Amino acid sequence: MKIIKNDIQKQNLSKLLYDIVKIIFGMVIIFQIIKPDEFEAWIFISGIIAMITFFFCAYLLDGKEIKK
């Protein structure tokens, strides 16, 4: 059973994933840089890992769209 049934759903999902990447960047990475006295390395590293994961998933969805 396919979860993504058509191209519009694929585009919307990739846009959502890109937006999640921007939100994670804004909340985790920028906050850690702005407030260095409250810097937590594990939060910074987990934020980067989450950003890369969501970005890679969105890139894969966009890549499948471009190949057609």
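1. A quick definition to start: a residue is called buried when its relative accessible area is under 20%, exposed when it is over 50%, and partly exposed in between (1.4 Å probe, protein chains only).

2. Before you read on, some housekeeping. This is a predicted model, where local features need pLDDT of at least 70 and side-chain atom pairs count only at pLDDT 80 or more, while totals for chains, interfaces and linings use all residues. Residues are numbered from 1 along each chain as its sequence is written, and side-chain values use heavy atoms, with hydrogens and water left out.

3. Which residues of H1 are buried? They are Lys10, Ser14, Leu17, Val21, Ile24, Ile29 and Gln32. Back to serine 14, then: leaving aside residues up to four places away in sequence, serine 14 touches Ala58, Leu61 and Asp62 (contact means heavy atoms within 4.5 Å).

4. The structure holds one salt bridge, meaning a side-chain nitrogen of Lys or Arg within 4 Å of a carboxyl oxygen of Asp or Glu. Here the side chains of aspartate 19 and lysine 22 meet, at 3.1 Å from N to O. Both residues lie in H1, three residues apart, about one turn of the helix. Aspartate 19 is partly exposed at 37% relative accessible area, whereas lysine 22 is exposed at 55%.

5. On to the rings. Searching the whole structure turns up three aromatic pairs. In the pair of phenylalanine 39 and phenylalanine 44, the centres are 5.6 Å apart with 50 degrees between the planes, so the pair is tilted. For the cut-offs: rings of Phe, Tyr and Trp (its six-membered ring) pair if their centres lie within 6.5 Å, and planes under 30 degrees apart count as stacked, over 60 as edge-to-face and the rest as tilted. Phenylalanine 39 is partly exposed at 40% relative accessibility, and phenylalanine 44 is partly exposed at 21%.

6. One last thing to find: Tyr18, Phe55 and Tyr59 form one aromatic cluster.

Terms used. Helix = DSSP H or I, 4+ residues; strand = E, 2+ residues; numbered from the N terminus.
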